[in-house]
Amino acid sequence: VNLDETAEEAAFRRELRSWIESNVDPELRHREASFDQRLEADRRMAAAGLLAVTWPVDFGGRGATAPIAAILDDERARAGIPAARSPSRLGVHLLGPTLMAHGTPEQQAEFLPPILRVETVWCQGFSEPEAGSDLANAQCSAEHRGSHLVVRGSKIWTTQAMQSDWCFALVRTDPKAVPKHRGLSFVLIAMDQPGIDIKPLVQLTGNAEFSEIFLDDVRVESAHVVGALGDGWKVAMTTLSSERTYAQLSRYRLYRSQLARIIEMLNTSARSVPDGWISELGVLYADLTGIRNLSYKIASLGPADTPLPGLPSITKLWWSTTHQRLLDLGFRVACHVGADEDYWFASWLEARAETIYAGSSEIQRNIIAERQLGLPR
Amino acid sequence: MQFAFDADEAEIISEAGRTLRRFLPRERFFHDSTVTGDWRAIASGGWLHASLPGEFGGAELPLPVIAGIARESGACLSGEAFVNNAIVIPKLLAATNEPDRLIAEHVESGGFLLGDGRSDVLATRGETSYSWCYGVEDGFVPFAVRSDRLDRYEPRSVSFRPLAEASDAVGDVELADAVSESFELHLDRAQLEAEAAIASAAGLVGLGDAALADTCEYVSARRQFGGPIGRFQAIKHELASVAAELEIAWNAVLFAALEPHQPEVRIARFQAARAAQRATRAMVQFFGGIGVTMEHHAHLYLKVAATSALRFGSPSFHTQELGRELLRGEAR
């Protein structure tokens with residue numbers, strides 16, 4: 001057990017930092033960068049082979065270790081182009097590993113290279129109006145007609161749906177299957193076809209980060225079903241376990257910078273700091289390091305290790321609840337000192353969704369209790 | 001970077017765990033128990049020397065591994081006694097002019113520190129009366145760290161009154177005899193305090209581990225309303241949160257053991273104390289009526305979590321300090 005970077009890791013960090021400095025313009029990497037600017041930053045990273053470093057060499061990656069991936073994540077966040085805001089993240093971090101595990105050689109050849117070159121943008125079609133936390137209850141149907149499937153239904157809370165070329169989705173191919181997760185299939189849907197209607201969802205903050213997608217007789221080639229028909233649940237679990245563990249160091253950096261802004265507000269204000277807030281700052285500071293430590297732990301688990309079955313769920317639960325408490329204090333401090341209220345209010349509102357997305361807190365606690373603690377269902 | 005134990009380290013820790021559970025069974029603190037602990041067996045396994053350099057017969061195990069063993073000792077309700085006997089006292093003795101004799105004598109008897117463990121940390125100014133001594137067991141030798149020396153007293157001179165007549169190893173000590181021997185000390189106290197505080201935090205995590213394991217077993221077996229009570233979210237969600245806090249706390253302890261200075265020590269102590277207190281509160285709550293009786297051991301876990309949390313500075317002291325350090329721009 002040690003915290004030292006190897007010579008190779010330290011060299012990678014050094015070279016990466018100077019490469020980003022000279023190859024990704026500052027205008028592409030700031031907090032308000034547009035979708036197109038963020039996409040351009042991804043393309044430059046991709047051209048230098050820095051986007052999907054953990055992908056195996058056979059699939060065009062570098063076969064990099066988890067610590068190297070953590071350094072990449074850390075340096076991206078430091079440079080203002082965190083993986084969490086990268087338009088390529090759904091393809092690189094979610095669909096990529098899923099296709100490598102479950103896709104046919106033809107699917108891998110068709111879809112992985114364009115992801116690596118940032119030629120296709122992907123979105124995820126899992127949640128539905130009546131099936132979010134209860135993903136196994138997805139109702140969007142797909143009828144098999146030999147060479148293709150016909151999809152009908154809707155998907156909701158889809159990130160970057162408006163900009164996406166493709167959508168990976170869970171659809172119900174067998175309405176009678178018991179238990180119900182057996183009737184699901186994992187399909188790849190081309191977004192540029194008739195029958196697809198995208199309605200942006202304007203949130204409390206005024207932004208429309210998510211959309212609802214309506215699918216009316218949309219065609220999916222049979223060759224674009226990942227895994228067997230009816231195996232969608234198993235395939236989607238690969239996707240979700242990728243979603244719940246990547247990019248924790250960039251979260252840590254982002255949240256630490258928000259904590260630093262709170263400290264700055266308090267230090268530049270003439271008003272005194274209430275005692276209770278001093279302790280709250282200490283608690284948040286401590287709890288943010290928990291995100292960093294989880295990231296180190298995840299990066300230290302070799303391919304042969306079996307991690308705690310609850311670790312991805314603990315990670316999601318920890319960053320979401322800690323970040324909400326951080327923004328709660330940030331908003332109160334902003335009101336107290338009379339500065340920057342808009343930023344903190346919008347961030348506070350936005351973070352309400354963290355209880356729900358990427359697997360709700362209740363679902364995560366069920367998973368920890370049942371799979372790690374062995375409690376009865 | 002390797003933020004996890006390798007196979008050799010894990011094997012050392014699990015062997016230590018087996019030894020601790022065998023010779024320091026937690027049952028020795030249970031109501032009307034006739035079971036006793038055998039610290040000599042722990043010593044002859046080499047575990048009380050384990051943190052010392054080879055010249056004193058130790059294995060010089062690195063602090064993260066010592067913390068791993070301390071976690072096991074916490075599960076045996078012996079976290080603070082382990083901190084005293086496997087870390088603080090051996091290292092103090094190694095820093096005297098007669099290390100070999102004193103260490104050999106120490107492993108025959110075991111010991112504890114005089115002085116208020118909440119705030120005195122290592123050094124005390126007390127004379128005959130001491131409150132809040134941690135890890136006091138029958139026959140243990142009292143030690144007092146003074147400004148420039150280490151005083152040793154006779155164990156027969158100790159009169160021990162457990163805190164509130166209830167918590168078994170923490171309480172007030174009165175000494176009948178004067179100091180028996182006195183030794184000059186040459187050591188880095190801040191370093192030793194940090195190591196002890198980290199190991200004590202590891203013990204708190206182990207205490208929480210054991211409380212959680214017992215509670216999970218109970219709520220899976222106890223049936224009500226047509227099935228085990230552990231199927232209800234009111235119970236399983238709280239236990240999931242306990243598991244999350246213990247995971248976070250252990251990671252903080254491990255991080256602090258690798259970087260044994262501030263703010264890491266404060267973070268580890270705060271998070272370990274919080275996790276242990278939440279785990280033991282859940283234990284008392286979910287065991288229902290029996291959990292608040294003296295016959296059942298849940299109350300011991302709750303009390304040890306409460307008292308041990310206060311050693312080396314209370315959780316709220318540490319979070320206040322962390323907050324102040326942030327505002328002063330001192331915390332990284």
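Student: Does Glu354(A) count as buried or exposed?

Tutor: The model is a predicted one. A residue counts as buried when its relative accessible area is under 20%. Glu354(A) has a relative accessibility of 6%, so Glu354(A) counts as buried.

Student: Where in chain A does Glu354(A) lie?

Tutor: Glu354(A) belongs to the loop that runs between α10 (341-351) and α11 (361-372) of chain A.

Student: Which residues is Glu354(A) in contact with, leaving aside its neighbours within four places in sequence?

Tutor: With those neighbours left out, the contacts of Glu354(A) are Tyr255(A), Lys316(A), Trp319(A), Ser320(A), His323(A) and Gln324(A). With His323(A), there is a polar contact from side chain to side chain, at 2.9 Å. Distance in sequence and distance in space can also be set side by side: Glu354(A) and Leu317(A) are 37 residues apart in sequence, while their C-alpha atoms are 9.2 Å apart.

Student: What is the nearest side chain of opposite charge to Arg172(A), and how far away is it?

Tutor: For a salt bridge, the nitrogen and the carboxyl oxygen must be within 4 Å. The nearest side chain of opposite charge to Arg172(A) is Asp174(A), 6.9 Å away. Arg172(A) is buried and has no salt bridge.

Student: Which backbone oxygen does the side chain of Arg172(A) reach at 2.9 Å?

Tutor: That of Lys180(A). Arg172(A) itself is found in strand β4, residues 166-172 of chain A. Apart from neighbours within four places in sequence, its contacts include Asn137(A), Gln139(A), Cys140(A), Gly183(A) and Leu184(A).

Student: How is His49(B) to be read, as buried or exposed?

Tutor: The cut-off for buried is under 20%. His49(B), at 16% relative accessibility, therefore counts as buried. His49(B) lies in a loop of chain B, between α2 (39-44) and α3 (63-75). Leaving aside neighbours within four places in sequence, His49(B) is in contact with residues including Phe56(B), Ile103(B) and Val107(B).

Student: What is the relative accessible area of Val304(B)?

Tutor: Val304(B) has a value of 21%, so Val304(B) is partly exposed. Helix α9 of chain B, residues 298-310, holds Val304(B). Beyond neighbours within four places in sequence, Val304(B) is in contact with Leu77(B), Leu207(B) and Ala309(B). Val304(B) and Leu207(B) are 97 residues apart in sequence and 8.3 Å apart in space, C-alpha to C-alpha.

Student: How many residues of each chain are in contact across the interface, and what area is buried?

Tutor: Chain B has 45 residues in contact with 45 residues of chain A. The two chains bury about 4000 Å² between them, and 66% of that is on carbon and sulfur atoms. Met1(B), Leu326(B) and Leu327(B) supply 20% of the area that chain B buries against chain A, more than any other three residues.

Student: How many salt bridges and polar contacts are found between chain B and chain A?

Tutor: There are three salt bridges across the interface. One of them joins the side chains of Lys236(B) and Glu370(A), 2.6 Å from N to O. Polar contacts number 17 residue pairs.

Student: Which element gives the most to the side of chain B that touches chain A?

Tutor: α7(B) does, with 16 residues. By class, that side of chain B has 25 nonpolar, eleven polar and nine charged residues.

How values were computed
Residues are numbered from 1 along each chain as its sequence is written. Chains are lettered from A and ligands numbered from 1 in the order in which they are written. This is a predicted model: local features need pLDDT of at least 70, side-chain atom pairs count only at pLDDT 80 or more; totals for chains, interfaces and linings use all residues. Side-chain values use heavy atoms; hydrogens and water are left out. Helices (H or I, at least four residues) and strands (E, at least two) are DSSP runs, numbered from the N terminus. Buried means under 20% relative accessible area, exposed over 50%, partly exposed in between (1.4 Å probe, protein chains only). Lys and Arg count as positive and Asp and Glu as negative; His and the chain ends are not counted. A polar contact is a pair of N or O atoms within 3.5 Å; within protein, one must be able to donate a hydrogen and the other to accept it, and residues adjacent in sequence count only if both atoms are side-chain atoms. Contact means heavy atoms within 4.5 Å. Buried area is the accessible area (1.4 Å probe) that two parts lose on being put together, summed over both. Ala, Val, Leu, Ile, Met, Phe, Trp, Tyr, Cys and Pro count as nonpolar, Asp, Glu, Lys and Arg as charged, and the others, Gly among them, as polar.
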